Amino acid sequence: MRLIINIGICFMVLVMATQVNSFVGITWGRQQTQQLVPSMVVDLLLQNKISQLRLMTSGYDIIEIFSATNISVSVTMGNSFMYQANRKDLAYNWVNDRIKDPINKGANIVELTVGSEPFSNTFLKKATNYNVVSVLKLMRESLDEMGLGYVRTTTAHGMDVLNHTKFPSEADFRDDIKVQMIESLAEFNRTGAPFLLILFPIHFVKDVMNYTIEFAFFDNNSGFKIEDGNITYTNAVELMIDSVAWAIKKAGYGNMKIMIAQIGWPTDGYPHANIKNAERFHKGLLKFITSKKGTPMKPGPLDIYLHSLCDENQFHKVFGTFQRHWGIYEADGNPKYKIDFSLQGRNELPTQAKGIVKMPNRWCKFNGDTSNVELVNKNYDLACQDSDCSQLEKGASCDGLSFASKVSYAMNAFFQKNKQEVKACDFDGLGQVVATNPSATNCEFPIEILSFQDQRVQNGMILRI
């Protein structure tokens, strides 16, 4: 059978290790210029004993890839697609096409997330006139009418749904969204759904609260702590979870389960975003999860999804370019640091992706002609506008490069994104294709992998789902 796979952007979450009443998962985003072949990803996940998956889009075009893998699937209706289900007939059709039909074809869909941070300040600035809670209820009704009552329905929220305060006990939902949040909680409570919480400790500690970065780690070495009554917080994660727990309790739903939808540490594009800190953060986090002690407000096992499987050089930046570097794996499927997905405390690298094919060892480099600096700067800016220059940000891995090397990095990023086409290294005659690696200490000039599309063309295949 011939298969065609639409490899448009999707965002997947995959459960790696399961414990009694809790699990640890990982997110997988595909916002990359050259994407991993889906079958290779499936193999990577199975090698790491991943048994469940969450698509952060509906994923209707790729769900069937996982139908023979015993992987349970969660799907998401993105914020920008809610208009497709803001009436009963539209909701019914969406569920029929995106959930029921794939289930009939063998997919094991177990959850639908309606919206991702729909009440964040960033999204509300662009929001259209529809009610997230109304769409959530319509989807629930449609699922129930189709005999799919076992498919859970919920929504994911970030920390900015709160009016941030120093002490968790003082936290509450923002006044401008409090009505909608209480309506959401009532719906979650009615259906037994969890509250999905998105946590980025590095951003919260550094940019939101302006605390020492050590507070983001479980093995906090600074001595910095927050005392809230008789409770002492020595790390941001417990404080963040309990802040949301207090807000939920004040709304009347103190027993509602909180599930961590995304949590992780970036490895580039930002001060303190590096491999050493990412490994340290995850080691402490997984030790905390394995202990099953929970937080003062939410004692006991916690469900979490680590963020994320691999880097995404086309990810839409909200807080900063570091959001393109959450990956535990490089975009080419190579693991960055040691992490034990089995939760056994082993000090080892995760399984490497198999079957990856890189493009030839060719780079684009600035020829050094600075006779027209304005022209050089123009081409530098153009290259970075269309490709990923996040490694050049202040505090990032390539921040210390010379001006000429930074221009070379930008030119190469553009060259690789455009599949090493010679014309993509012209830059008004300022670029040159070289076979010698121009990488510097702590700053790698990447070579892209052959994407699924490229390999499909190479092999003369057309794949259809």
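Which pattern do the disulfides of the protein follow, with bonded cysteines counted along the chain? The legends below describe close-up views of a predicted model, and the pattern is 1-5, 2-3, 4-6.

**Figure 1. The disulfides of the predicted model.** A search of the whole structure finds 3 disulfides. A disulfide is a covalent bond between the sulfur atoms of two cysteines. The pairs are Cys-364 with Cys-425, Cys-384 with Cys-389, and Cys-398 with Cys-443. Counted along the chain, the bonded cysteines follow the pattern 1-5, 2-3, 4-6.

**Figure 2. Close-up of the disulfide between Cys-364 and Cys-425**. The S to S distance of this pair is 2.0 Å. The disulfide is right-handed because the torsion about the S-S bond of Cys-364 and Cys-425 is about 90 degrees. The pair links distant parts of the chain, 61 residues apart. Cys-364 lies in strand S13 (residues 363–366), whereas Cys-425 lies in the loop between helix H10 (403–417) and strand S14 (431–434). Both Cys-364 and Cys-425 are buried.

**Figure 3. Close-up of the disulfide between Cys-384 and Cys-389**. The sulfur atoms of Cys-384 and Cys-389 are 2.2 Å apart. This link is left-handed, with -90 degrees about the S-S bond. Cys-384 has a relative accessible area of 22% and is therefore partly exposed. Cys-389, with a relative accessible area of 11%, is buried, since buried means under 20%.

**Figure 4. Close-up of the disulfide between Cys-398 and Cys-443**. A distance of 2.0 Å separates the sulfur atoms of Cys-398 and Cys-443. The link is right-handed, with 100 degrees about the S-S bond. It joins distant parts of the chain, 45 residues apart. Cys-398 is found in the loop between helix H9 (373–386) and H10, and Cys-443 in the loop between S14 and helix H11 (452–458). Cys-398 counts as buried at 1% relative accessibility, and Cys-443 counts as buried at 2%.

**Figure 5. Close-up of the largest cavity and its lining**. A search of the whole structure finds 1 cavity of 30 Å³ or more. The volume of the largest cavity is about 40 Å³. Its lining consists of Met-159, Leu-162, Asn-163, His-164, Thr-165, Ala-171, Phe-204, Leu-239 and Ser-243. These lining residues divide into 5 nonpolar and 4 polar, with no charged residue.

Notes
Residues numbered from 1 in each chain as written. Predicted model: local features only at pLDDT ≥ 70, side-chain atom pairs only at ≥ 80, totals over all residues. Heavy atoms only, no water. 1 Å grid on protein atoms, 1.4 Å probe; cavity = no way out; pocket = protein on both sides within 12 Å on 5 of 7 lines; lining within 4 Å. Points joined across faces, edges and corners; volume = space filled by probe spheres on them. Nonpolar A, V, L, I, M, F, W, Y, C, P; charged D, E, K, R; others polar. Disulfide = S-S within 2.5 Å. Helix = DSSP H or I, 4+ residues; strand = E, 2+ residues; numbered from the N terminus. Buried < 20%, exposed > 50% of the residue type's maximum accessible area, 1.4 Å probe, protein only.
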